[in-house]
Amino acid sequence: MRFFVELNPSPRAERHSPEMVVSFVPMEALGEFGGLRLDAEKRLDEVLTGYTYFAENDVLVAKITPCFENGKGALAEGLANRTGFGTTELYVLRARPGLVSRFLFYLTISHPFRKIGESEMYGAGGQKRVPPHVVRDFRFARPSLAEQRAIALFLDRETARIDRLVACKKRLIELLSEKRAALITRAVTRGLDSGVPLKDSGVNWLGEIPAHWETRRLKELSALQTGLTLGKTYEGQQLTTRPYLRVANVQDGYLDLAEITEIEVPVQDVHHYELQAGDVLMTEGGDFDKLGRGYVWEGQIAGCLHQNHIFVVRPQPDRLNSHLLALVMSSHYGRAYFTAESKQSTNLASTNTKTLRNFPIPLPPLSEQEAIVGWVKLQTAKIDQLTGRIREGIDRLHEYRTALIWAAVTGKIDVHEEVEVI
């Protein structure tokens with residue numbers, strides 16, 4: 001691209017008033033394989049220093065992991081005053097004469113460009129970046145301007161069709177997720193017998209429950225264990241090395257145990273932080289949709305400890321089934337309770353031990369708890385299998401989209417019969 005692309009062009013601020021409004025694009029506003037959310041604007045003098053400049057029709061490429069691997073990139077269109085600024089973790093590519101901006105955009109989201117970038121990334125840990133020479137020196141066959149426009153038009157149409165299919169499948173997944181949550185909520189708040197007599201629970205967000213159920217605070221049914229605070233130093237104490245669970249390991253609906261960190265702690269402190277099979281894990285805070293979700297620890301890693309931002313609830317086994325507690329936490333009722341009682345900021349919420357201890361649990365007899373857990377497991381398995389097949393379909397559409405783009409920009413598809421060459 002060296003001769004046909006200007007990399008990271010500089011703004012010409014002298015042409016504009018400092019009060020001029022420009023588009024502001026944080027990383028989260030950059031789409032995956034296209035799309036740019038332009039709902040934020042700032043004055044030019046607020047962003048001229050410390051941000052990356054771009055203009056109308058420039059191509060944006062995220063250069064940091066994992067954004068680059070996820071395909072974050074877009075063609076800048078519809079900018080306020082044809083000017084934008086964004087995160088410094090962007091490369092800006094400006095097509096020179098002989099190259100069509102939209103054709104350039106498709107080159108940057110093509111599979112070979114992304115794979116070369118991934119292979120050349122440098123840096124430590126999770127902060128790797130694509131070096132600028134990968135962008136400057138990417139080699140490609142350059143069609144005529146007319147062919148570039150034809151290819152871009154063809155890909156605009158075909159990728160839009162694919163994106164519509166993907167959007168429909170994602171909406172179906174959302175509907176299945178809603179059905180799953182509603183199914184869980186009804187089971188843990190009303191039981192499995194639709195004809196059972198009901199009574200007022202006396203609890204906000206919960207409503208009526210079966211007449212033979214109880215309502216108990218979580219602190220009456222379990223013990224609460226807090227975790228390790230990182231960064232402590234221990235002098236003159238006998239230490240042992242143990243694996244420990246971090247917030248990053250507790251994901252949305254599952255535990256990610258691919259990377260487990262180890263930590264040194266005093267031998268005498270281990271029992272304060274050690275996980276036991278049947279413990280219910282809950283993160284202290286995060287996105288609203290994750291707040292209050294419970295995950296049952298099955299003893300997957302022997303001797304594992306946990307971080308202080310993960311609460312561990314240890315139910316009394318003769319009174320509260322661990323899996324039922326996790327279901328109650330993930331139900332609409334549980335979500336409503338923890339959201340209403342949380343400390344909130346923009347897009348984030350957090351809870352505390354007091355709120356968790358006071359969580360009111362709709363409590364059936366133990367045998368009924370086990371029946372509810374078994375029934376929910378069977379029903380959600382069907383939904384999860386269907387959701388999995390839909391996700392596989394989305395993955396195949398993404399693979400087809402990637403293959404189509406590379407075939408088109410390399411001339412393996414004759415687009416002349418598909419579109420009118422401009």
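Modeller: Let's start with a pair of helices: the axes of helix α2 (residues 101-108) and helix α5 (residues 145-190) come within 8 Å and cross at roughly 60°. That angle makes α2 oblique to α5, because angles under 35 degrees count as roughly parallel, over 145 as roughly antiparallel, 65 to 115 as roughly perpendicular and the rest as oblique. This is a predicted model, where local features need pLDDT of at least 70 and side-chain atom pairs count only at pLDDT 80 or more, while totals for chains, interfaces and linings use all residues. Residues are numbered from 1 along each chain as its sequence is written, and side-chain values use heavy atoms, with hydrogens and water left out.

Colleague: What are the axes and the helices here?

Modeller: Two packed helices are described by the angle between their axes and the distance between the axes. Axes are lines fitted to C-alpha atoms, for helices over the stretch in contact, with angles from 0 to 180 degrees between N-to-C directions. Helices (H or I, at least four residues) and strands (E, at least two) are DSSP runs, numbered from the N terminus.

Colleague: Which residues of α2 and α5 meet?

Modeller: On the α2 side, Arg102, Phe103 and Tyr106 touch Gln148, Ile151, Ala152, Leu155, Asp156 and Thr159 of α5; contact means heavy atoms within 4.5 Å. Sorted by class, that contact has five nonpolar, two polar and two charged residues. Here Ala, Val, Leu, Ile, Met, Phe, Trp, Tyr, Cys and Pro count as nonpolar, Asp, Glu, Lys and Arg as charged, and the others, Gly among them, as polar.

Colleague: How do α5 and α11 run, roughly parallel or roughly antiparallel?

Modeller: Their axes come within 10 Å and cross at roughly 170°, so α5 and α11 are roughly antiparallel. The contact of α5 with α11 divides into 26 nonpolar, six polar and nine charged residues.

Colleague: Is leucine 327 buried or exposed?

Modeller: Leucine 327, in helix α8 (residues 322-330), counts as buried at 15% relative accessibility. Buried means under 20% relative accessible area, exposed over 50%, partly exposed in between (1.4 Å probe, protein chains only). Setting aside neighbours within four places in sequence, leucine 327 is in contact with Ile184, Val188, Val373 and Val376. Threonine 185, in α5, is buried too, at 14%, and beyond neighbours within four places in sequence it is in contact with Ser331, His332 and Tyr333.

Colleague: Which residues of α3 are buried?

Modeller: In helix α3 (residues 111-120), they are Pro112, Phe113, Arg114 and Gly117. Their cover includes β5 (59-62), β6 (73-75), α2, α4 (132-136) and α11.

Colleague: Where is the cis peptide bond?

Modeller: A cis peptide bond joins threonine 65 and proline 66, with omega about 0°, and proline 66 is in the loop between β5 and β6.
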